[in-house]
Every structure is written in C-alpha cells, then in structure tokens.
Amino acid sequence: SKPVSEGDPEMFDILQQERHRQKHSITLIPSENFTSKAVMDLLGSELQNKYSEGYPGERYYGGNEIIDKSESLCQARALELYGLDPAKWGVNVQPLSGAPANLYVYSAIMNVGERLMGLDLPDGGHLSHGYQLKSGTPISFISKYFQSMPYHVDHTTGLIDYDNLQVLAKAFRPKVIVAGTSAYSRLIDYARFKEISQGCGAYLMSDMAHISGLVAANVVPSPFEHSDIVTTTTHKSLRGPRGAMIFFRKGIKSVTKKGKEIPYELEKKINFSVFPGHQGGPHNHTIGAMAVALKQAMSPEFKEYQQKIVDNSKWFAQELTKMGYKLVSGGTDNHLIVIDLSGTQVDGARVETILSALNIAANKNTIPGDKSALFPSGLRIGTPAMTTRGFGREEFSQVAKYIDSAVKLAENLKTLEPTTKLDARSRLNEFKKLCNESSEVAALSGE
Ligand code: PLP
C-alpha cells in the first residue's frame with residue numbers, strides 16, 4: 001500500500017504541521033518528552049497487527065509465540081531497570097496509559113465505595129488520585145466508584161503535610177494511600193508514607209509517573225523499598241512510548257502475632273483487573289516500544305541525561321529566582337518548577353497564552369491554596385523535553401528571559417485598559433514584537 005504522503009495528503013499535511021510545531025518550539029511541559037527513533041520504529045511496527053488477549057504463555061488467540069517473547073522481555077527489563085527481584089516483585093506492562101493503570105489498581109484491591117487518599121489536585125496531585133470538588137462532586141469515575149479524601153501540602157512551605165495526612169488517615173482509614181504527584185518539585189518521603197499507611201492498615205501505592213526516569217537513574221529516591229504497588233507512565237521522564245506499567249509485590253505481606261503468614265495476593269488481582277477486568281487485547285507495538293525504551297534507560301547515557309534534567313531544572317529555578325520570581329516551595333529537587341505568580345498582576349493562564357504565541361509551551365497550574373483552576377496563579381515548567389534536545393544552562397537562562405518578557409507583557413496588557421486607539425495600537429505592536437521573537441525561539445530550539 002501507499003505511504004501516507006501519497007495515500008492521504010490531508011492527514012500527511014497535519015502530520016507535517018505537528019512535526020514542524022514540535023521542531024520549532026520550546027516544550028516546557030514537564031510531562032512531555034521526545035522519544036527515540038528506535039521507540040518510534042516499534043510503535044509503527046507489525047507488532048500492532050496482533051491480537052493477544054491474556055498473558056505470556058496463556059493467550060486467548062493463537063500465533064502469539066513471538067508476541068510472548070516481546071512481552072516477557074519487556075517485563076524482565078522493567079524489573080531489572082528498577083533493581084527488583086523477580087521473586088519479590090511482578091509487573092504488568094499492558095495498561096494503556098497512566099490514569100487507567102491507577103483505576104485498575106484501585107479496582108483490583110478495593111470494592112466500590114471503599115476509601116482512598118491522594119494529594120489534592122490543586123496542591124499538585126493527579127485527577128486519577130481520587131480528585132473531587134470541595135463540594136464533594138466527583139470529577140473522574142475513580143471518585144464516583146470510591147470514596148476519596150484528599151491530603152494537602154502545607155500552604156506556607158509548599159511541602160506535603162505528612163503530619164496532617166497521618167491525622168486524617170487515622171480518622172478516615174483508607175484502603176489505599178497514593179504517594180505521587182504531577183506538580184510537586186520536591187522529593188517524596190516514602191518512608192514516612194509507609195509509616196502512615198501501615199498505621200491505618202492501607203496499601204501504599206506510589207505513582208511515579210513524572211519521575212520514573214529520574215528514579216531509574218537514581219537521581220531521586222526510589223519508591224520501591226517502601227511501597228506495596230508502584231504505577232508509572234512510560235512517556236514522561238522515562239522517554240518511552242505512551243503507556244503505563246503496574247509493579248506489585250509478591251510473597252508475604254505480613255506475619256500475624258500468632259505467626260501466620262499473610263500473602264500479598266496482588267499478582268492475581270492486578271493481572272485480572274487489567275485483563276479481563278478492564279482491557280481487551282494489549283497494544284503489542286507499545287509493549288515492544290516500551291522494551292526498547294527500558295533498555296535505553298539502563299545505559300550510562302540515560303543516567304547522564306537524567307542528571308542533566310535535574311541540573312538544568314535547578315539552574316532554571318535559580319535564574320528565575322534571581323529575576324525576582326517566587327517559586328512554590330522555594331525551588332526544585334527534580335525536573336519541574338512551579339512559578340508562583342500571586343505577587344504579580346497576572347495569572348498563569350494569561351502567561352501561558354502569551355508564551356504560546358512565542359512558541360513556548362508551558363502549563364498554567366494551581367498553586368497551594370489557589371482559588372481558581374481556570375485562572376490559577378501558577379505556571380508549571382519542566383526540563384525533560386528540552387534536555388533531550390540538548391538544552392543546557394545557556395539556553396535555559398535565555399528561556400527564563402522569555403518567561404520574564406511574557407509575564408511583563410501580560411501585566412502590561414492587563415493593567416492598562418486601552419483608552420485610545422493609539423494606546424491599543426502601541427500595545428498590539430508590543431505583542432507583535434514579542435511574537436517576532438518567536439523566530440529567536442525557533443532558532444534556539446534548533447531550527
Ligand atoms: N499519574 C500522574 C502522577 C500523572 O502526572 C499523570 C499524567 O500526567 C497520570 C498519572 C496519567 O497519565 P495518562 O495521561 O497517561 O493517563
């Protein structure tokens with residue numbers, strides 16, 4: 001059959017436009033990355049043609065001998081990358097993405113109506129950690145199926161309030177506590193999470209989606225020592241295909257006072273929850289691509305890359321601080337920064353729009369205690385994607401200047417209501433001038 005460039009010019013044109021956009025812009029979205037050619041090779045491969053419901057060695061379709069090799073290789077590499085003993089840990093590599101993976105875990109170990117606790121979304125948690133509105137209105141199906149109570153960060157320090165979590169968990173007695181974040185720039189104290197979870201009889205599920213590359217390279221603490229279950233996406237700092245994995249403990253969970261051993265029983269429950277509980281045929285092209293990414297993640301170059309992500313992030317944070325910006329928690333230990341714009345005249349949404357005109361992609365984000373999610377006071381930025389593209393200190397210093405120009409322009413546009421046509425025109429010109437700098441941005445991003 002014909003290649004897409006000949007067979008479907010309309011879709012090919014859209015593909016070319018997106019390729020151009022990615023190449024000529026700066027991606028500061030901390031959950032995005034540019035995956036490798038080898039991963040892309042597998043994503044566009046024949047592995048995608050095969051149905052293989054079930055697991056290696058026990059499929060509901062014939063002809064899966066080779067697909068079994070691919071999935072088993074992916075599982076073995078996932079365990080090896082995180083230094084896990086296959087006698088003590090297992091992994092399911094079939095979840096289609098991060099939010100579904102979390103749902104599969106909850107429904108594997110909870111009945112409808114049972115309780116979970118996750119970091120509140122406005123404080124840096126994720127929708128799939130049980131987010132609901134303050135009024136109690138559920139937002140995702142997870143908060144419809146299960147009762148959820150959020151824990152918080154301390155609004156003055158921006159750090160997870162472990163003491164308060166402990167008090168809340170004792171009273172709420174959740175079945176699952178989730179340790180994981182989408183917009184938190186500090187290290188997570190997994191030992192403390194474990195102590196709190198054990199204190200109320202909950203499973204500790206760590207969702208390391210954002211930081212799984214950093215964990216693999218040992219540049220931030222690993223959740224495995226203290227968790228019962230670990231979930232992760234594979235497309236963020238890990239730089240693989242869009243997918244997810246669920247790691248679960250095997251063996252003995254605890255021993256009663258009378259010496260009776262209580263097994264984990266997670267393997268059967270989690271595998272059953274993924275298939276047939278929620279999914280049908282696995283995406284074999286993704287699993288093959290994941291295996292490739294996991295091998296790459298074991299290389300010395302990958303470790304160096306992860307260290308650079310963190311070095312760049314710290315440098316970027318310092319540059320912004322020098323320019324007078326306040327950062328949530330005062331800085332960063334990982335791949336991301338949340339700028340607190342509450343001391344300026346503008347919100348993250350307006351700055352996001354101006355940056356986007358400059359071909360810089362960032363996220364508006366709530367800061368702890370924020371009133372509005374549509375016009376929040378924060379801007380979330382991160383370094384994994386542009387570090388992949390070779391950015392270092394010099395480039396991130398330049399990007400910090402662009403962010404500063406965007407904030408200043410947003411302030412200008414907001415505070416001065418145009419009174420005359422001339423005034424309106426001069427501000428339009430100012431905006432155009434800034435947009436012209438987008439060619440500088442394109443140059444910086446490697447045009
Ligand atoms: N968990 C965390 C911590 C995340 O940050 C995200 C996405 O950003 C997810 C889960 C969901 O992943 P996906 O978008 O692949 O469903």
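## Briefing on the predicted model

For the feature "modified residue: N6-(pyridoxal phosphate)lysine", UniProt lists Lys236 in an unreviewed entry; UniProt positions are given in the numbering used here, feature names are shortened, and annotations may be inferred rather than shown by experiment. The model is a predicted one, in which local features need pLDDT of at least 70 and side-chain atom pairs count only at pLDDT 80 or more, while totals for chains, interfaces and linings use all residues. Residues are numbered from 1 along each chain as its sequence is written.

**Annotated domain and the listed lysine**

- The unreviewed UniProt entry also carries the annotation "domain: Serine hydroxymethyltransferase-like", which covers residues 5-403.
- The end C-alpha atoms of residues 5-403 lie 37 Å apart, and the span is 40% helix and 16% strand, where helices (H or I, at least four residues) and strands (E, at least two) are DSSP runs numbered from the N terminus.
- Lys236 is placed in the loop between strand 9 (229-233) and strand 10 (244-249), and Lys236 counts as buried because 27 C-beta neighbours lie inside 10 Å.
- The burial classes rest on C-beta atoms placed from the backbone: a residue is buried if 20 or more other C-beta atoms lie within 10 Å of its own, exposed if 12 or fewer, and partly exposed in between.
- Not counting residues up to four places away in sequence, Lys236 touches Ser31, Asn33, Ala209, His210, Ser212 and Pro384, a contact being a pair of residues whose C-beta atoms, placed from the backbone, lie within 7 Å.
- Arg242 is also found in the loop between strand 9 and strand 10, but Arg242 counts as partly exposed, with 17 C-beta neighbours inside 10 Å.
- With neighbours within four places in sequence left aside, Arg242 is in contact with Ser97 and His235.

**Nonpolar cores**

- The largest nonpolar core has 73 residues, and those with the most contacts inside it are Val105, Val176, Ile177, Ile229 and Ile246; such a core is a set of buried Ala, Val, Leu, Ile, Met, Phe, Trp, Tyr and Cys residues joined through C-beta atoms within 7 Å.
- Helix 5 (residues 98-109) gives the most to this core, with eight residues.
- A second, separate core of 39 residues includes Phe316, Val346, Val399 and Val441.
- Beyond its neighbours within four places in sequence, Val176 is in contact with residues including Tyr106, Ile109, Met110 and Leu116.

**Helix 10**

- Ser273 lies in helix 10 (residues 266-278) and counts as buried, with 22 C-beta neighbours inside 10 Å.
- The C-alpha atoms of Ser273 and Leu103 are separated by 9.1 Å, although the two residues are 170 residues apart along the chain.
- Leaving out residues up to four places away in sequence, Ser273 touches Tyr104, Ser107, Ala108 and His278.
- A cis peptide bond, with omega of about 10 degrees, joins Phe275 and Pro276, and Pro276 lies in helix 10.

**Strand pairing and packing**

- Strand 4 and strand 10 pair in the antiparallel sense over four bridges, where pairing requires that DSSP finds at least two bridges between two strands, and Val91 stands opposite Phe247 in strand 10.
- From strand 4 (residues 89-92), Trp89 and Val91 point one way and Gly90 and Asn92 the other way, and all are buried.
- An open sheet of four strands has the order 13-14-17-16, with antiparallel pairing.
- Strand 13 (326-327) and strand 16 (363-365) stand at the edges of this sheet, each with a single partner strand, so one side of each is left without a neighbour in the sheet.
- Helix 12 (residues 300-322) lies across strand 13, strand 14 and strand 17 (378-382), running at about 15 degrees to strand 14; axes are lines fitted to C-alpha atoms, for helices over the stretch in contact, and angles run from 0 to 180 degrees between N-to-C directions.
- Helix 13 (residues 348-357) lies across strand 16 and strand 17, running at about 175 degrees to strand 16.

**Positive phi values**

- Arg173, a residue other than glycine, has a positive phi near 45 degrees, and Arg173 is exposed, with 12 C-beta neighbours inside 10 Å.
- Asn218, a residue other than glycine, has a positive phi near 60 degrees and lies in the loop between helix 9 (212-216) and strand 9.

Methods
Contact = placed C-beta atoms within 7 Å.
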